[in-house]
Each structure stands twice: as structure tokens, then as C-alpha cells.
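Visitor: I would like to learn how to read aromatic pairs and sheets in a protein model. Could you take me through them step by step?

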Amino acid sequence: MPPYTLSARPAVQALRASKIREVANAGMGRADVIAFWFGEPDEVTPEFIRQAGVEALNRGETFYTQNLGLPELRETIAGYVDRLHPAPGTGRIAADHVAVTNSGMSALMLTNQALVGPGDRSVIVTPVWPNLVEIPKILGAEAVTVPLSFSPEGWKLDLQRLIDTLTPQTRAVCINSPNNPTGWTITPDDLHAILNHCRKHGIWIIADDAYERLYFDDDSGVAASFLDIAHPEDRLVSTNTFSKAWLMTGWRLGWILGPKQLIPHLATLIEYNTSCAPAFVQRAGIAAIEQGESVTHRFNARLRHARDFLLTRLQEIPGVEAAAPAGAMYAFFRIAGIDDSLAFCKRLIADVGLGLAPGIAFGEEGEGYVRWCFASSEDRLAEGVARLKRSLQR
């Protein structure tokens, strides 16, 4: 036998596998399972968005596009962000600040590839979707986590702890707000404090803004963002996706907004990763932004109602501690006596056919909690609660 192994390099071997997938794999294929494990609505993409993609295909738009995306889509995204976050002093956001990507996940990977390398120090606010912690590790960087804390009033950020962790040796800080899985949403005061600190030490801010339109604490339907206060010279990159606000999870389309000096380097990275996003998918993205504001408002209202419905019923169950999230589409709650969330979620599948995501999937800080995606109908949510009650009574 040859004197070498056939395994991936150590950094890749050390990556944590998805615990959500582990639970889902235990339940997929069973007709009796009612699943809330993935962050995905139960609605198909609106017809006018699908039709834009179909029409592009019928026109024969099946060839490569520019690495950074169709100019029309980049202009559309720039205008959309400018309307959403008209920060005084920053000037109009232009297309040369935008890179189109094959999904929000790709946007996060590309951003980290551009900014973070071996030996760098990356700080991430957790619990969080695992990719944000694992991506720096893939690139050979050190991932340092700062946990949110839970109380009956909701999840909170210890701002001073985060500031103290953002030492001058830190290369980047990654903040997902509204947060998956907790629904925590950063406050304007904390945004200012973090931005000022990062300006002082030259730290890059990577803002995962995937859920910014799924915000419930005021009537704006838009969460506070670093884009509201940043200047063009700030080391700020915002990543986003079409998946959530326009019900386009399967289309795999996202974008990066950052300093225009960074964008040409992102174009090179896109060339070496995926070359470009499909033209017909980008046409659907243009339709989503130009015609889809009513879709986003309706979906936000539906989620707010579903959140209130689910949280009211969860809080009636003895031993359940749950707080209403300010944003995103998840209830992240704990149940007295549950200290192995993965085993508990597998037991829910076996016992009552209920599919939830284990808190451990989002880091050690999430152990003892479970995540429930409430982007679903009231009837399905009610049935899910009934099944949870039956399992706990056993």
C-alpha cells in the first residue's frame, strides 16, 4: 500500500458536519413526519418571478455572464439597497459596489476568501448558522466566538464582551442580524459602538443581512443595519440573498455589497469558484426586486402572525422557555431537562414524527435549545405543537 492517506486535509476533516442534516436524514422519506428543521418557507416562489426565469430560458439566456453579474441586476440591487438604507453622508450606492453570487452562502464564502487567510483571527457572534464559524476554519483562520445570552425578554448581546474580544489583532468580525437561529437583532446603539471600534483598529465587518427584511419589532419591516451608518471608506461588507425575502431558496442567488476597491478582487474569486450566476436566475432576481415589494411585505406579516401563534402555544407548555424573536423565521427555545438536543430531536422523529433542528447544530452555545422554523401554516404549527406535547408527556 502507498505510504499516504486518501483523506482531505486536516482542517477540512475537523469541520463539523451538519446536525440539522443528521436529524433530517433520520426523518426524510417518512410520510408521517411534519418537518420544521430547515430555514425554508412552505410557499413556492411567486409566479411572476418564476415567469421571468422561464422567459429568459425561452430567449436562450443559457450562456455565461459577467463574473460580477448582469449589469442590470447589479444596478437593480444597488438601487434597492440605496432605498432601504439611505444613510446620510454615504452618497448613492452604485453598481460598482455590488457583486452577484450563486447564493448567499457563496457570498459569505467569497467574502471570507477575500478578507481572511491562514493565521488570521475572525470573531463571530453566536449561536449562529454553522457556516459562519466553519468558513474561517476552512481558510486556515482562527474562529473566536462571542455568545449571546438568553433571558425571558429574548436574546441579548454583551456589547462590552464583544468589544473586548475585538482586539487590534482581529482581522474580521461576522455578525448575523436578524440572527439565525435566535432571532436576535442588533440595536442601532450597538451598531454605532461596533463600527466605531472597528474603524479605530482597522477591523473588517462582515454583516450577514440575509434576514433584514424579516423584522417584526416595528412597522418598517427592515432591521437596523451597518449600511444605515457606514461610509464608503469603511471596512464593511454586507452579504445578502434572494432566498428569504422573495421565497427563492432553491434559486441560489445572492449578492455582496462592499467597497468598490474590493469588487474587482471578488470578480476574480467568482471566476475561480463558479464563474458566474446563471443568466435566467439573475433575470428572476431582477423581477423579484422590481415587482416583489408586496411579496416581501405579505411574507413579513405572515411570519409575524406565525411567530405570535407559535410562541403563545409554546409558552403554555410546562418546562418550555421561549422568547419572541425580533426577526428571522425561527423560535429558538429550551426545554427543562433537555441537555442533548441532537438526541432529543432524533427522539421527536421516532416518537411523534416531529422534525426540529437541534441547538447544538449552531454551536456549543446552542446546546439544550431547539430551533423551530415557523414559516408555515397555522394548521401545521398547531399540529407540531400537539406532537411536541405528546412527546414531552411520555
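Guide: We begin with the aromatic rings and then turn to a sheet. This is a predicted model, in which local features need pLDDT of at least 70 and side-chain atom pairs count only at pLDDT 80 or more, while totals for chains, interfaces and linings use all residues. Residues are numbered from 1 along each chain as its sequence is written, and side-chain values use heavy atoms, with hydrogens and water left out.

Visitor: How is an aromatic pair described, and how many aromatic pairs are there?

Guide: A pair of aromatic rings is described by the distance of the centres and the angle of the planes. Rings of Phe, Tyr and Trp (its six-membered ring) pair if their centres lie within 6.5 Å, and planes under 30 degrees apart count as stacked, over 60 as edge-to-face and the rest as tilted. By this rule there are 15 aromatic pairs. One of them joins Phe242 and Trp255 edge-to-face, with 5.2 Å from centre to centre and 75° between the planes.

Visitor: Is Phe242 buried or exposed?

Guide: Phe242 is buried (under 20% relative accessible area, where exposed means over 50% and partly exposed lies in between, with a 1.4 Å probe and protein chains only), because its relative accessible area is 1%.

Visitor: In what order do the seven strands of the open sheet lie?

Guide: Strands of a sheet pair through backbone hydrogen bonds, either parallel or antiparallel. Strands here are DSSP runs of E with at least two residues, numbered from the N terminus, and two of them pair if DSSP finds at least two bridges between them. The seven strands form an open sheet in the order 2-10-9-8-7-3-4, with mixed pairing.

Note on methods: Helices (H or I, at least four residues) and strands (E, at least two) are DSSP runs, numbered from the N terminus.
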